Amino acid sequence: SQNDYLRQWLPRQESYLHHLLDREAPPEDRRCFICDQDGVYKCQDCLGEPLYCTGCCRSHHCSNPFHWISQWNGQFFERSCLAHVGLILHLGHDGKQCPALTDRCNLFEEDEPEDQLEPEDLPFVSGPEFQPKENTMVIVDKSGVHRLEVRCCDCPNAMSPDIQLFRHGFFPASFNRPKTVFTFGVLNDFLLDNLECGTSAMNYYSKLRRMTSSMFPHLVPDRYRELMRVARQWRQLKIMKWHGFGHRSDTPSTGELALFCPACPQPGINVLLSGDESLDETPSWKFTRSFVMDGNFKAEHLHPIKPFDEVWLSDGLGFMVGKDRYKMHLEEAADTVEKSSCNNHRAVNQANASRHKLESTGIGGVACARHGCFVPHSMVDFQKGERQATQMNMDYALCEASQHNMEGITRAVTFYDINCQYNKHLRVRVDQSRFLEMAPELTIIPGIGLWHVHGHQDSCYVRYASNFIEGIGRIDGEIMETLWARLNLISPAARGMSSPHRKECLDYQMNDSNFCKMIRMKRTLCRKYKLARNGIAESGKAFDRLDEAAPAHSKMEWLARERIAQSSRLNDPAAMDEYEINIKKGKLTSIVSVERLDIARQRDRLQGQIDGFTRSALTHLGEGFDADDEPDDLNIDILDDLDDDPAEFTETSDTWTNSPELTVIPLPSNLGVDRCRRCMAEDLIPLEMSLREGQANDALHNLRIHLCNKAILFRTTVRQAKSQALKTRAWSQVTSVQQAVSLHASIYKDQETNDET
């Protein structure tokens, strides 16, 4: 484990410290490793930190101009820079000086202002980095902030200075006479840091200043604002390049600078819906789009300071919708809030919480429900309170999603936690609006995620749960909750940005989320296929047993009633109540069916809780797990570490994938000590031990109480019962108590076994 390596290193600590200090001193002969003359400069970035004379240091670093060097001053190596050895960057002519170079191409006369340093800020002993040579350019690289002299080509047919800089990998901060440039490397590094770590431009540039001068970072030129602006330009260029617009003469249109799910049916891209005779016999659900809708109220946005002075680079070209049409829709739409007939609809019933300082209280939108990819041009800003994602916002998002590569697709399933209320008059609202467009032949089937549906009325379960939607397969409809976590990395930094900058950052983050889903799609689909193959075999056996026991005339009647319910559900969701069990008949089979249905509902809810726990476990298990893994994949990873074979585990547990009570969850006791060490999660072991001890004490306490109750029942109720009816009732009470005794004894025994393990 990592701690074992630390223990091995402790005896070596003093030796490592000695050699670290030894590197600060020059070798005894102090010779240049190239020409064998007196070595004065040491390069910290060259392998082995070799010594150079002045000439060799200059010539050797022509192709590595952003290395940091130190100069021997007789007592120690003092920080210096390559400008002080005379290094000059020549653009063009293979790095050699332009033969036509004259003084008329002077980059340092105007344009960007010089940095003004206050005398009291300067250190008492000024090192070379605080004495930049005249006519040097500020070059921001991922290794720090450098000052070097740059000379452009001055030939008659030479490009403009900013283009010469750009073709050499420098992005100029201005374009007439640039004096600050950013290397492509630092721009790529910043964008990646922003994606993976949520690093803001301010924090990133602060790091660069400290890398340049650890003692006096405040004296390093401040180019924070330039970095924010240039990063926007660089991001836009990269996205245009990735989507092929460098080879096209036209400009991108709505949603064309965004990736989408490669596995969802998209006519003309991954499916063919015309000219194929076999499609006539294809079930309607095979080419169904599945959408999940949700809101994220952490992605707030303050009112911009100068909205009249904003510059939009990609308005509506990514995931966030175009501002003008959306604004007109909001102005026209009637913001009516209907009283919900269902319980637990805080998002509909709670009063609007006005937030005067916020331009947007959050964002909402649509993603594919099966694979978790954001749909291009379907993300909208909210203007209302946290608990009120109004219909007019989500109407616009859904209509835009229904138009993205949907030509020929006539069926879509939407999952939304308030769909039983939201979907009632959706078509009416669409038909009455000038800015909402949805194909009239598109059938929208409403659903509610399995986690949220249990908080609704009982009737909502059969009307909207995915278990009762034909062709939808095994899907929980809650995947969008997991997508907000990565997006919230940049939400705090984006809160105070200008509106265009914020939407560009959100677009870039969502595009990267879809990209990560795309490159892992093969692995995800293969694992899901294996699970589905095992699950359908077990489900088929259970169905065959039920089918064999059911009378033939009943099966015909059930099929007819099912067809009527499924065909009527769009206009009358209450038709799905056919699936509810009527317990008024008083038959034993009905009671058993009700109990089984209740178990199925409890399993769905338990599975949702397990999935949520598994996702949260990823934040504690660190490097040992992939944050993009599906919960089912994570369970398989855990099974791989157990002694039992996963195949045998599945066979002996009825159907593991449909029995959440048999699922192995990522607790330290299931992972094992070794894997906890590899994941740097050893601190979770005593926490679980403490919780298990508490559970064992509770079980022991309850066990004593129920044993006392059992003894009292024998001494009183059982002995005093005279008639057969009283005896039957008494033994029923004893049986109930005995079941409780067995339950708590089993819990205590399990905790004892785990403690021993």
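Hi everyone, let's begin with a group of rings: Phe166, Phe171, Phe184 and Trp234 form one aromatic cluster. Rings of Phe, Tyr and Trp (its six-membered ring) pair here if their centres lie within 6.5 Å; planes under 30 degrees apart count as stacked, over 60 as edge-to-face and the rest as tilted.

A quick word on the source. This is a predicted model, in which local features need pLDDT of at least 70 and side-chain atom pairs count only at pLDDT 80 or more, while totals for chains, interfaces and linings use all residues. Residues are numbered from 1 along each chain as its sequence is written, and side-chain values use heavy atoms, with hydrogens and water left out.

Back to the rings. By this rule there are 18 aromatic pairs. In one of them, Trp9 and Tyr16, the ring centres are 6.3 Å apart and the planes are at 85°, so the pair is edge-to-face. Trp9 is partly exposed, at 34% relative accessibility; buried means under 20% relative accessible area, exposed over 50%, and partly exposed in between (1.4 Å probe, protein chains only). Phe66 and Phe170 are also edge-to-face, because their centres are 6.1 Å apart and their planes at 90°. That pair links distant parts of the chain, 104 residues apart: Phe66 is in the loop between helix 3 (54-60) and strand 3 (69-72), and Phe170 is in strand 8 (residues 170-172). Helices (H or I, at least four residues) and strands (E, at least two) are DSSP runs, numbered from the N terminus. Both Phe66 and Phe170 are buried.

Now look at strand 3 again. Four bridges join it to strand 4, and the two run antiparallel. Ser70 has Arg79 in strand 4 as its bridge partner. Two strands pair if DSSP finds at least two bridges between them. The open sheet here has four strands in the order 2-1-3-4, with antiparallel pairing. Which are the edge strands? They are strand 2 (51-52) and strand 4 (77-80), each pairing on one side only.

Next comes the largest nonpolar core, with 35 residues, where Phe291 and Tyr422 touch the most other members. Such a core is a set of buried Ala, Val, Leu, Ile, Met, Phe, Trp, Tyr and Cys residues joined through side-chain atoms within 4.5 Å. Helix 10 gives the most to this core, with seven residues. Leaving out residues up to four places away in sequence, Phe291 touches a list of residues including Val366, Leu398, Met406 and Phe415; contact means heavy atoms within 4.5 Å. Over the face of Tyr422 lies Arg429, at 5.0 Å from the ring centre. A charge sits over a ring if NZ of Lys or CZ of Arg is within 6 Å of the ring centre and within 35 degrees of the ring normal.

Let's turn to Asn423, in the loop between helix 11 (419-422) and helix 12. Asn423 is buried, with a relative accessible area of 17%. Not counting residues up to four places away in sequence, Asn423 touches Ile444 and Pro446. Ile444 is in strand 16 (residues 443-447), and is buried at 11% relative accessible area.

Last stop: helix 17 is mostly covered, with 18 of its 21 residues buried. The charged end of Arg235 sits over the ring of Tyr508, 5.4 Å from its centre. Thanks, everyone!
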